[in-house]
Amino acid sequence: MQNLFDWNLVLRIFPLLLPALCTTIEATLLGMIVALILGLLFALARYSPAYAVKKFTAVVVEFIRRTPLLVQVYFLFYMLPATGLQLSALTTGVLALGLHYAAYCSEVYRAGIESVPSGQWDAASALNLSSACTMYRVILPQALVPILPALSNYLISMFKDTPILSAITVVELLQESKILGSESFRYTEPLTMVGIFFLTLSLICAALSRQLENHFALHRK
Amino acid sequence: MQEPIIRMVKVFKKVGDTNILKGIDLNIPATETVAVIGPSGSGKSTLMRLLMGLDRPTSGDIEIDGEPMWVDSAEGEKKKIEHLRHIRSKIGMVFQQFNLFPHFTALQNVMEAPMQVLKMERKAAQQRAEEYLELVGLKDKMDAYPAKLSGGQKQRVAIARALAMRPKIMLFDEITSALDPELVGGVLNILKSLAAKCEMTMILVTHHMNFAEQCADRVLFIDQGEIIEDGKAVQVFREPSHERTRQFLEALIEHHEQ
């Protein structure tokens, strides 16, 4: 009878999984950067004085939030080349993750902006600050601190969504573990390792975000 | 007669179905100090917000320094805001809840507008900010964040912040109402010395009658969105011409004696 868990196999495939782990981390970090920037732009567009801009952004954000990530990933993967845009699978994946999470992040930004007391807007107006200056110097710095936990949650959540990119041939952790499994006909070890990688990194990320929160909380007091 | 620096003509303000201000007519000459008194919910704060241009009246006209506050030009929203900012540059306001920027130090709070709006160099802005913090007696606290300051200190920073823009008109909206009683005196003293200099037009909403009597040239009593009483402090306080004013003043005295 076979061993239930082959530790030698674990040692052997560990180095093989590392490049895939890097891809996963790369996709997450790049995706989050896209999500944070695009999300902020979505949120700011919803404060635009132009009604059309406001409405259009609201519809786009709602559309993205109400459709599955996997569908969006496939859609971009097959549609972008048709528009003449030749991107690698990873870049497409990063864009899809970024766009999807930008929609969620924009709602978080909005909640943060709404949480700033109206007196801050009044004070900025009374000092005659321009609306751009009010947003960047007064409102956003105060809006960002309380939403850090929510944003870091989305970072972890996006990290855990990266296996979806295996659907469009990106060789990230899950895809690599399936390849290794099909070579050795043992799936337990590689999949367990993938689970442990995800768990470890998520925990580290959560701890870091808590520290960041504490840092800002202390600074405020 | 000299052109008034503030002119309000038949100003109405409606929020939802409630009429907050019902036809305010008011002329205030430059450098006059005006105290506004009245029960809560009478529309005093709304009046101040309208004068700062934070809200727009439902109808009626507000003119500052001979120019209308709100213009609806064909060029649209941008022109309107540009004009409003031109008007606002003449006015400063201090709020009941201080509204300091919590992520800036006292100094940064005062420097922000001179740098961002007047485009002053950092050095010059800092010099000006220190000058005004000194005026309110807080130069030694200039590196403190608002959370580290007492209510009275916060309000003094807020006064310095508004003064640093050197407005022609200053609006003080119940600026001692959120303060502990022992901190009120310090803040009122600053206002007294400002009023004594007669450089600015000052409008203050206050519940301190002694203070109003000492430094206001004129007292307005507002009730239910209307100006009921408008005259010299002595006259309004000692011989009010309306029953409502009398009742309010009595309630105020009782409250203070308690």
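**View 1. Ile91(B) stands opposite Ile169(B) in β7(B).** This is a predicted model, where local features need pLDDT of at least 70, side-chain atom pairs count only at pLDDT 80 or more, and totals for chains, interfaces and linings use all residues. Residues are numbered from 1 along each chain as its sequence is written, with chains lettered from A and ligands numbered from 1 in the order in which they are written. Strand β6 (residues 91–94) of chain B runs parallel to β7(B), and the two pair over four bridges. Strands are DSSP E runs of at least two residues and helices are H or I runs of at least four, numbered from the N terminus; pairing takes at least two DSSP bridges between two strands.

**View 2. Phe172(B) stands opposite Leu204(B) in β8(B).** From β7(B), the chain passes through helix α6 (residues 181–197) of chain B to β8(B), in a right-handed β-α-β crossover (with the strands pointing away from the viewer, the path from the first strand over the helix to the second runs clockwise). β7(B) and β8 (residues 201–205) of chain B pair in the parallel sense, over five bridges.

**View 3. β7(B) is covered on both faces.** Ile169(B), Leu171(B) and Asp173(B) are buried on one side, Met170(B) and Phe172(B) on the other. Buried means 20 or more other C-beta atoms, placed from the backbone, within 10 Å of the residue's own. Five of the five residues of this strand (169–173) are buried, so it's largely enclosed by the rest of the structure.

Key. Buried ≥ 20, exposed ≤ 12 C-beta atoms within 10 Å, placed from the backbone.
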